[in-house]
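Please open the model in your viewer and keep the selection panel at hand. The stops below move from overall confidence to the contact between chains, and then to individual elements and residues.

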Amino acid sequence: MAKAAIDPIKFEVIRNALTQAAEEMAIALRRSAYSTNVKTRQDFSCAFFDKNLRSVAQAFTQPVHLGSFVRHVPIAVQRYGPENLGPGDMILSNDPYGGGVHLNDISLIGPVYWGDELVGYTACLAHHVDVGGGAPASVGAFREVFQEGIIIPPIKLVAKGEFDDDLFRLVLAQIRSKRETAGDFRAQMASNRTGALRINEIIERYGLGEFDRYIDEIIEYTDRRTRAEVARLPKGVFSAKGFVDNDGFTNDVVKLEVKITIDDDGVRFDTTGSDLQRRAPVNSTFAQTFSACAYALRALMDKDLPVNDGFYRYVHVNAPEGTVTNCVHPAPVVGGWETHVRLNDLIFEALAPAMPDAICAGTKAMQCHSGFGGENHETGEYYCFLETIAGGYGGRSTSDGPDAVQTHGQNTENAPIEETESNYPVRITRYELVADSEGPGEFRGGLGLRRDYMFPEEATFTVLADRDKFGPRGLFGGDPGSTSVYAIIKDGEEEQRLSSKTTVQLQPGDVISYRTSGGGGYGEPFKRDPQRVLADVLQDKISVERAREHYGVEIDIDAQLVDESRTRDHRVDK
Amino acid sequence: MTGTANAQFRIGVDIGGTFTDATLVDSTTGQVTTSKVLTTSSDPATGFIQSVQKLLDLDDTVRPDAIEHVVHATTVATNAIIEGKTAKTAFVTTEGFRDMLEIARQIRPSLYDLQFEKPPPLVPRQLCFEVPERLDAKGKVVTPLDEKALAEVVERIAESGVEAVAVCLLHSYRNPDHEQRIGKAIAARLPNIIISLSSDVVPEFREYLRASTTVINSAVAPIVSTYLASITEKLHAADITSELLVMQSSGGVYPAKAASDNPVFMVESGPAAGAVAAASLGTALGFPNVISFDMGGTTAKASLIRNGQPNITKDYSVGGAAQSGTGAFGGASGYPIRTPVVDLVEIGAGGGSIAWVDSGGALRVGPHSAGADPGPVCYGLGGEEPTITDANLVLGRLDPTYFAGGEMSLDLAAAQEAIRNHCAEPLGLTTEEAAHGIIEIANTAMVNALRLVSVQRGHDPRDFLLVAFGGAGPAHAVRLAEQAGIPRVLIPLGPGTASALGLLVTDMRMEGSSTLIVRSDEIELSQISSEFERLENAGREAHHVAASASGDPIFERAIEMRYWGQSFELSVPAPARDEIDQAWMNELTESFHDAHETAYGFRANDEPVELVNLRLTTVGKIARPQMRKLESTGTDASIASKGERPVYFAETPETKGIVQTVVYDRSKLPAGAVFNGPAIIEEPDATAVIQPSWTVTVDQFGNLSIEHNS
């Protein structure tokens, strides 16, 4: 019998209604959550999977999660056994060695039933501000995953719509910021429920048969478009090598290597040659490396391509076991995203000669966590806070890298200062662009960002970041961006540098200062339009001296003009 | 009976990119009179008064002193932002934070686009100034305001030659003292400058959103206040001294003085009018679910109305890309404002949109518009590039001798020549084929806008009625509905000015709020009563300024609440009890738990509840005009026939495009008339094009109800 034709309007309606269901999951999560990291910074993701555990629709929040989620959710459900999940049940999981990522990213997954028939799964992942372990906010340099916090294999936290009190108390007992975390778990439950309701509405309208048939078509549609996009990529073998600057215990760089092969069989990513895993927080799980490759491939495709299983099936990754790109138990994983995002910079660097107009020069390319906690003297509660700080973007073939933005798979917002100070005992004393931090180029990198925290009470503070040795790389003659600075300032004393992966005890009045890297430049700086250099100088983004030395442009600051003849002299000398 | 013998008439004026429309309603009879003039882009106030004067000339029984009020919708603020023509503005903030606007939320507007750009800040870095001072999160002074440093900043502001200043200090929503002192210092040195304090404009926490809203307020205030003053002056010169009201982005109206002080509330004034008109019409006719489609000379706007109410959002960005998605607080592609806005999608496709062939040999339409000046080629006002209106003329959809009811004749030969030279010949097409291509390309973009508000929000367009208006809406609506899968279209009487009618079917609404941020178990109940009383007094005073609008004001009290620890509030109506006592609080808390359960599927009875904002809306009820029934009835449409003319419809290939099509005079169509497409229906301010396979029924009020034959 011939297959019934696909009604193009019904197709679009169902496709968009599914995406809308995922978006509403995200809204419910954000609006009912408690921690700043979830409710404001949007460090979470939501998605709908079909009954065969294929990714169908996702909310546009954090690409890093979305790419890893598609591996974690099927593995978690398979391990628990789909037959053990009934209506209203939900499983909780964060096991890095069960398809997960770092422990803070906890997924809650619930089956969706239409009557007594399983029709799919809603799942949401939130970065919890604390999961126990050796330091507040559960970021820090440790030797084994056991020190990093609570490891949760798939467990049924919600049974028939109600929290299992025993399990819930057991989980919360491991966690410092109990009130916030409990609120965030309730928000995750609200998110899955909202998704299930919307899915039921769609089925009610179109019937289960049509629902399933159109899900197949939605995935096939993405498959067709992805195949066409892949065919358009330049063929060849492209590779790059780079580093994570240190591992938190030794000062040795962590070597990364990536090779991308594009041919008639599609695109293959290979991280062979990357360092063996460390007893240090720089190890990526396979899901994280997969996510980096998925992000890179997606960024090279048509902007309106919907991402689902039909896309992910084109992401082929070979990451040798036991390396920092596919670590094995019991390696610590909390800084795995640092490695993940650096791989993204390397992938684009590798592809630069073949696709010079599609990519960007080196970016901040680190998560750059700032985590702290302690007793809040006012409320008597143990609080934890976590955020990540933006930096410079890399220059592009026709435009400068934007200043102070998140990069690659990371797109979390800043924590509003007023919200932060209302809820946590900290004062942000400075939040500004770092002048002269850009990587010079014909199109310069973006500026890095400075954020200073003053602590009126004792606290424990963790830096989990990178880029303190090497700035983001330039391309085609562009120079690197600045290195990052992490420092502590004690009252009346000189500033002291901190390592990019360290935990310190703070006394009242201590200040921690972050100054993140600027992005790498694109093209030779002496080719930069002097008027663009002037505009940067007039905005105090770069200094008169830097304009002269790095761009060969002489600015007459009183007249607010380019000194054309001296500029010619500087540039000839070069 | 509403209104008095002295204040019998109300006027609405809606200025679009191409036309300025005015509507007069007689409150006693519901009689509606309309006028239309070309928008005077260089000085829109001139077109405004021309349209009003034209109304008064049409009916000499209307005395200027019998006008109760004039309501206005304008795009002057949003145009200034989109075109980068806002006033030169300075930004003053707490020391250490001058990059607040530039850093924004540190996110990228699109996730997978390596070539993205951040929107440039409305205030360049060299005009952002810092003042040493600091409050803590409770509003307590940590660092006193440094008066000496302030004096220096004021001098630098004076030297910079700015027209406006926005002030946003950390935690000023808790304690406005430092902002107020800065405001006074600037005003003392620069008495003619406009100053917006964030603690006045939107006293809500989260500094970037408050700063962005405040900066937009000050950057458009010089433009808006000059503009409204000019209109007021012209109205006075015409002996109209009644109150000038302005439509807000949320669909309510407020007095011109309030609009001059707080223009950020009317940034999307123009589009809101159309949505309100469509909602009102849909409700009156028994269609609570409507997609509003308003196509004028410059842009087309779509919005979704459910249960008779336009969607209102506070997560809005001015100049943001049209997109669906949950980018927190409206995405990162424009400038966020934290004021209520009708949720709509606007695209650059209107009758004046210019068609052109790009370097790759593709036919393109827009985003450039010929606007009103020079306008389409066929207007004969100097336009040389072909537009959508020219294409409609070439296809026979418009009558060259009956444009604007015959007040203006169109130059068909010039339109044909322009399309031939600019589009047909470069592409190797016939002139008609090129003209049809122009229409179809523009339609594709408009169908996308309809889909953004419906399908992409998960609503099936088949469940909705498309209400089409604006001067160009009726010519495109039926074909759009066909492509978007909407089975039913309604074209109101006088579609060209329907949006202006929206101005006369809304109440006066003024919002007041007071920030508490206190837990329900720690609050002083007397504080709630005294704050509500203070807000009511302010609301009553503002209401009396516009006293002629209606009788006594109605107050709507609501409390924005959340669980202690959350950041997003749910608005809960205040319990209807005389006294604010513990029973009141218990009832309020219970309502909040209920609302939370409805919204998110769970309640947390043991969690502390926080009262964040008290909100008071002062409503001045304004009587609605009555729709008048048509006098003539009958099923026979032929009495309205003006004859036939050839019209190009590529939708029917068997006729090779040209179809002999009956042309109807809308004013002669009786209630109850039924006829089939293809058809053309002409009235003075718009021409409706009915595709084959659609049937038109004229309802008792003269609206065209058009249904697909399926």
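## Confidence first

Colour chain B by pLDDT: the average is 88, and 95% of the residues score at least 70. Keep in mind that this is a predicted model, with an ipTM of 0.94 and a pTM of 0.89. Now select residues 1-5 of chain B, where pLDDT stays under 50 and the model has seven contacts beyond four places in sequence. Then select residues 322-330 of chain B, over which pLDDT also stays under 50, although here the model has 27 contacts beyond four places in sequence. Where pLDDT is low, the predicted coordinates should not be read in detail.

## Where the chains meet

Show both chains together and select the residues that touch: 61 residues of chain A are in contact with 47 residues of chain B. On the side of chain A, at least two residues each come from α1 (8-32), α5 (178-206), α7 (286-299), α10 (417-423) and β14 (427-434), and α1(A) gives the most, with 13 residues. Coloured by class, this side of chain A has 27 nonpolar, 14 polar and 20 charged residues.

## Domains of chain A

Stay with chain A and colour its assigned domains, which are domain 1 (8-225), domain 2 (360-522) and domain 3 (529-574). The C-alpha centres of domain 2 and domain 3 of chain A lie 28 Å apart, and seven residues from each of these two domains take part in their contact. On the side of domain 2 of chain A that touches domain 3, four residues are nonpolar, none is polar and three are charged.

## A helix with two sides

Move to chain B and select helix α4, residues 147-160. Which residues of α4(B) are buried? They include B:Leu150, B:Val154 and B:Ile157; looking down the axis of α4(B), you will find the buried residues within an arc of 60°, so they line one face of the helix. An α-helix has 3.6 residues a turn, so residues three or four places apart point the same way. The buried residues of α4(B) pack against β5 (89-94), β6 (128-131), β9 (164-168) and α5 (177-189) of chain B. Turn to the other side of α4(B) to see exposed residues, among them B:Lys148, B:Glu152 and B:Arg156.

## A buried alanine

Next select B:Ala278 in helix α9 (residues 269-284) of chain B, which counts as buried because it has 31 C-beta neighbours inside 10 Å. Beyond its neighbours within four places in sequence, B:Ala278 is in contact with B:Val290, B:Ser292, B:Ile305 and B:Val467. The C-alpha atom of B:Leu466, 188 residues away along the chain, is 9.1 Å from that of B:Ala278.

## Backbone details

Most residues other than glycine have a negative phi, and most peptide bonds are trans. Select A:His329 and A:Pro330, whose peptide bond is cis with omega near 0°; A:Pro330 sits in the loop between β11 (316-318) and α9 (336-351) of chain A. Finish at B:Ala104, a residue other than glycine whose phi is positive, near 50°, and which is buried, with 23 other C-beta atoms within 10 Å.

Methods:
Residues numbered from 1 in each chain as written. Chains lettered and ligands numbered in written order. Predicted model: local features only at pLDDT ≥ 70, side-chain atom pairs only at ≥ 80, totals over all residues. Buried ≥ 20, exposed ≤ 12 C-beta atoms within 10 Å, placed from the backbone. Helix = DSSP H or I, 4+ residues; strand = E, 2+ residues; numbered from the N terminus. Arc of directions from axis to C-beta. Domains from an automatic or database assignment. Nonpolar A, V, L, I, M, F, W, Y, C, P; charged D, E, K, R; others polar. pLDDT = per-residue confidence, 0-100.
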